[in-house]
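Here is a short briefing on one protein chain. Look over the sequence and the structure first, then read on.

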Amino acid sequence: MLGVPIAVWLLQTTDARAFREVFGALVALYAAYMLFRPSLVSLQLMNRSRNALVGFGGGLIGGLTAMPGALPTIWCDMHGVPKNQQRGLVQPFIAAMQIFALALMLLHHDLPSTVIDNLLLSIPALVAGSTLGILAFRNVGEQFFRRIILAVLLVSGVLLVV
């Protein structure tokens, strides 16, 4: 969470567009490379201090790009973390970072009044997407799950650039 306030401050004081585009390009390049990599790495132990650094980076990146889960997802992929464990790590991380960033923006009155209206309009799509995601998660194997995650990272990275 330490990265989020820094990112919120950076959003107010700098041009986040260049960061967003560079980060998007790096994510897209990583995902494209890993999609064609011959085999998945076996599970490797993660270092606690590096995990904390990845968490800080995820908060910082999330505040600047609204993609807090990208860095932890890449970190999990690099260490061969199984899909259940990856989901258990990344989803709560994303929720915590998004809620914290939203709370900071609300405290600083940095959100337009239309945010609540847009949130209410998006709830049906959110529920439908979550339901489909849960059903798909239960029915895909490790390798296919990894390919889906990398494809989503690739598309997300490209969308940050364009």
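Alanine 66 is exposed, because its relative accessible area of 51% lies over the 50% cut-off. This is a predicted model. The points below start from that residue and then turn to the whole chain.

**Alanine 66**
- Alanine 66 sits in the loop that links helix 3 (48–65) to helix 4 (70–78).
- Its phi is positive, at about 65 degrees, although alanine 66 is not a glycine.

**Fold**
- The protein has 7 helices and 0 strands.
- Along the sequence, the pattern reads α-α-α-α-α-α-α.
- Of the contacts with a separation of 6 or more, 85% join residues 24 or more positions apart.

**Size**
- The protein has a radius of gyration of 16 Å.
- A compact globule of 162 residues would have a value near 15 Å, so the two agree.
- Along the principal axes, the C-alpha atoms fill a box of roughly 45 × 35 × 30 Å.

**Burial and surface**
- Of the 162 residues in the protein, 34% are buried.
- The accessible surface of the protein is about 10,100 Å².
- Carbon and sulfur atoms hold 72% of that surface.

**Charge**
- The protein carries 10 positive and 6 negative charges.
- The mean positions of these positive and negative charges lie 14 Å apart.

Key: Residues are numbered from 1 along each chain as its sequence is written. This is a predicted model: local features need pLDDT of at least 70, side-chain atom pairs count only at pLDDT 80 or more; totals for chains, interfaces and linings use all residues. Side-chain values use heavy atoms; hydrogens and water are left out. Helices (H or I, at least four residues) and strands (E, at least two) are DSSP runs, numbered from the N terminus. The radius of gyration is taken over C-alpha atoms; the globule rule is 2.2 Å times the number of residues to the power 0.38. Buried means under 20% relative accessible area, exposed over 50%, partly exposed in between (1.4 Å probe, protein chains only). Contact means heavy atoms within 4.5 Å. Accessible areas come from the Shrake-Rupley method with a 1.4 Å probe; for residues, only the protein chains shown count as cover. Lys and Arg count as positive and Asp and Glu as negative; His and the chain ends are not counted. The place of a charge is taken as NZ of Lys, CZ of Arg, CG of Asp or CD of Glu.
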